[in-house]
Amino acid sequence: MKPVPNPSDAGNQRKKAIVVGAGPVGALAALALAKRGWFVEVYEGRPDIRLPSSKARTEQRSINLAISHRGIAALEAIEPAAASRFLESAIPMRGRMIHKLSGALDSQPYDRDGQCINSIDRALLNEGLLHQVAESPNINLFFNHRVTGVDFDGKTIAIRDSLSGKDFTTRFNLCIGADGSYSIIRRQMMRVVRMNYQQEYIRDEYLELKMPAGRDHAGQPTFLLDPNHLHIWPRHSFMLIALPNKDKTFTCTLFAPTAELDRLCSADSILTWFKSYFPDALRLIGENSLLEDFKRNPKSPLICTKANPYHYKDRAIILGDAAHSMVPFYGQGLNAGLEDVRVLMTLLDQEGVSSTLSTSDSRKDYDRHLDNALQRYTDTRHEDLIAISDLAMNNYVEMRHSVTQLSYLFRKTMDNLLYSLTSPRMASLASLTPKLATLPYPTGEVRGWLPLYTMVTFRPDINYAAVKKRAARQATILTGLSWIGVGLCGVAGAWLLWAARAATLHLLA
């Protein structure tokens, strides 16, 4: 462990931040603060995931994530080299591939300009950020260390070393909770903050399955499905999805109501169900592998949490899943968490938050600039996070049901047509990145028509709340156009019927 100077030592006036949670959000937050001159300590209750002994424990978890422009923009703003390295190992997915029950395939591109989301190895992303953290002279990493309590007013945190069993306390100037859906920092904050908090388990659960690699004519591993699509088997009340991995396998996830999954309690019931609803996927996964995955992998709940406020005075804030767990159906959980860090850092910079202790404030042990930045974060970020949580839930209905409907395809066609007519130029990520490093959302009034998916996924310069409001207005217009189309078809049909009747009468006369 590299020595980190104590900010309270004589002659040393640097501020100290404690980050709880060493996932991607916590690691990025630590890097961002360290680059601004803070001393940072990161505490993680689990073992170091970079160790071989830890990898076996995570084999049953999904090994890939869908990272899109919002997450990439956050990485670019804070750690550009890491962003480039991760994208070199990512697999671009340019659209959805819909697998119909008949076996027919329907490719639905995400974007008219070919922009993609990226399937990236979860471990690669997290381990890569942790390596960057470990190399920073301003950061110390502590694994197997669990938080047992926090005194926010006293600015001390109590830690237990799980390996030695020893307890100790340490001081901080800022505590960041990036410790997931069941965050202890959030629970501790509830003791001092009048926090509105909502937790909801949705009716569905998920189960992860593995589609193995195939073999080409030379015996080399190959993908059994097109790797440049996110594959979806929509079955109205449930669905199966598959994302590609670098080793030519696919990670498949089955989402279904708990009652539906509970019926799959024997080998016969599992195989019969898959033969009825996912026959092509069953052939690719293999019956033995499918049964083994059902036996080995747990059914996991889907949780949605909402909180407000996210901070306490000038001394604590929660980010990522600790503040806003959401269902995964827009692929924005990770992206929103990384964006949390980017937005927070731009506000710290705008408020002039210093990495050194200041004696200018009249109140002892109080940082007015930091308090202002954290307050602005809560005030501006809450509506955005509620918006993306709601949009993610709505997208589940689209993925498991709507994508197969003619009405959806008509609306999507009209969506893209209006997009092409009113927004001829694409706003590339490269053109947006410089501004995103200094402003939370640099885009003012958006002109032209933008599809909802494009705004959520490929426009990190537009905040989620603005996306939701604009999409609602556009949906109203599309509904009106749909009714006009139905009316015109009705008029045309009536005219054709009248013309046919008149012609028939003329022939018979």
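Start with the second largest pocket of this predicted model, which has a volume of about 800 Å³. To centre your view, select Glu 398, Tyr 408, Arg 411, Asp 415 and Leu 452, the residues nearest the middle of a lining of 31. Now colour by element: strand S6 (105-109) and helices H13 (368-400), H14 (406-422), H16 (452-458) and H17 (464-508) each give two or more residues to that lining. By residue type, the lining has 13 nonpolar, 10 polar and 8 charged members.

Which domains does this pocket lie between? Colour domain 1 (16-93 + 117-199 + 304-400) and domain 3 (406-503): both give residues to the lining, so the pocket sits between the two.

Next, go to the largest nonpolar core, which holds 121 residues. Pick out Val 40 and Ile 185, the ones that touch the most other members. Keep H13 on screen too, as it gives the most to this core, with 11 residues. Then zoom in on Val 40: leaving out residues up to four places away in sequence, it touches Ala 17, Val 19, Ala 30, Leu 33, Ala 34, Asn 138, Ile 139 and Asn 140. Another core, of 26 residues, lies apart from the largest one; to find it, select Ile 91, Met 211, Leu 254 and Leu 261, which are among its members.

Last stop: helix H3, residues 69-78. Is H3 mostly covered or mostly open? Mostly covered, with 8 of its 10 residues buried. Select His 69, Arg 70, Gly 71, Ile 72, Ala 73, Ala 74, Leu 75 and Ile 78 to see the buried ones.

Key. Residues are numbered from 1 along each chain as its sequence is written. This is a predicted model: local features need pLDDT of at least 70, side-chain atom pairs count only at pLDDT 80 or more; totals for chains, interfaces and linings use all residues. Side-chain values use heavy atoms; hydrogens and water are left out. On a 1 Å grid over the protein atoms alone, a cavity is a set of points where a 1.4 Å probe fits but cannot get out, and a pocket is an open set with protein on both sides within 12 Å along at least five of seven lines; lining residues have an atom within 4 Å of a point. Grid points are joined across faces, edges and corners, and a volume is the space filled by probe spheres set on the points. Helices (H or I, at least four residues) and strands (E, at least two) are DSSP runs, numbered from the N terminus. Ala, Val, Leu, Ile, Met, Phe, Trp, Tyr, Cys and Pro count as nonpolar, Asp, Glu, Lys and Arg as charged, and the others, Gly among them, as polar. Domain bounds come from an automatic or database domain assignment. A nonpolar core is a set of buried Ala, Val, Leu, Ile, Met, Phe, Trp, Tyr and Cys residues joined through side-chain atoms within 4.5 Å. Buried means under 20% relative accessible area, exposed over 50%, partly exposed in between (1.4 Å probe, protein chains only). Contact means heavy atoms within 4.5 Å.
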